[in-house]
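Take a walk through this fold.

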Amino acid sequence: MKTKEQEKRDQYKYNRKLKQTIFNHYGHKCQCCNETRYEFLVIDHINKDKKIPRKSGKVWYIWIIKNKFPNNLRILCHNCNMALAFFGYCPHEKEAYALLT
Ligand SMILES: [Zn+2]
Ligand SMILES: [Zn+2]
């Protein structure tokens, strides 16, 4: 018999492994600002494709792996992901643009 604590830890390890598999495919950094700290990174839908289900956590990770890593997904950090969701752009893009002009 496993204790609840052990089960929790197993779940956590399993989740991390799934996430790791996905990150191995998409890269281990934010596609916008190159953030590499694992804890900040999330999987983002490019163009909010309707065919991609809105899931989270384990179900979502398994879905991605089963669907052979759809290429309209990418890795972003929470900052960039949130900025895009709220404002439709990330301030990093503007900064990059300002450097060019
Ligand atoms: Zn970022
Ligand atoms: Zn950004």
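Confidence in the protein chain is lowest in helix 4 (residues 91-100), with a mean of 82. It is highest in strand 2 (residues 73-77), at 95. These values are pLDDT, the predictor's confidence in each residue, from 0 to 100. Across the protein chain the average pLDDT is 89, and 97% of the residues score at least 70.

This is a predicted model: local features need pLDDT of at least 70, side-chain atom pairs count only at pLDDT 80 or more, and totals for chains, interfaces and linings use all residues. Residues are numbered from 1 along each chain as its sequence is written, while chains are lettered from A and ligands numbered from 1 in the order in which they are written.

Now the layout. The protein chain has four helices and two strands. From the N terminus, their order is α-β-α-β-α-α. Helices (H or I, at least four residues) and strands (E, at least two) are DSSP runs, numbered from the N terminus.

Start at helix 1 (residues 4-26). Its 23 residues should span 33 Å at 1.5 Å a residue, and its end C-alpha atoms are 33 Å apart, which agrees. The expected span is 1.5 Å times one less than the number of residues. Of the 23 residues of helix 1, zero are buried, so the helix lies largely in the open. A buried residue has 20 or more other C-beta atoms within 10 Å of its own, with C-beta atoms placed from the backbone. Just after helix 1, G27 takes a positive phi of about 105 degrees.

Step back to the whole. Buried residues make up 13% of the 101 residues in the protein chain. Its C-alpha atoms fill a box of roughly 65 × 30 × 25 Å, taken along the principal axes.

Technical notes: Buried ≥ 20, exposed ≤ 12 C-beta atoms within 10 Å, placed from the backbone.
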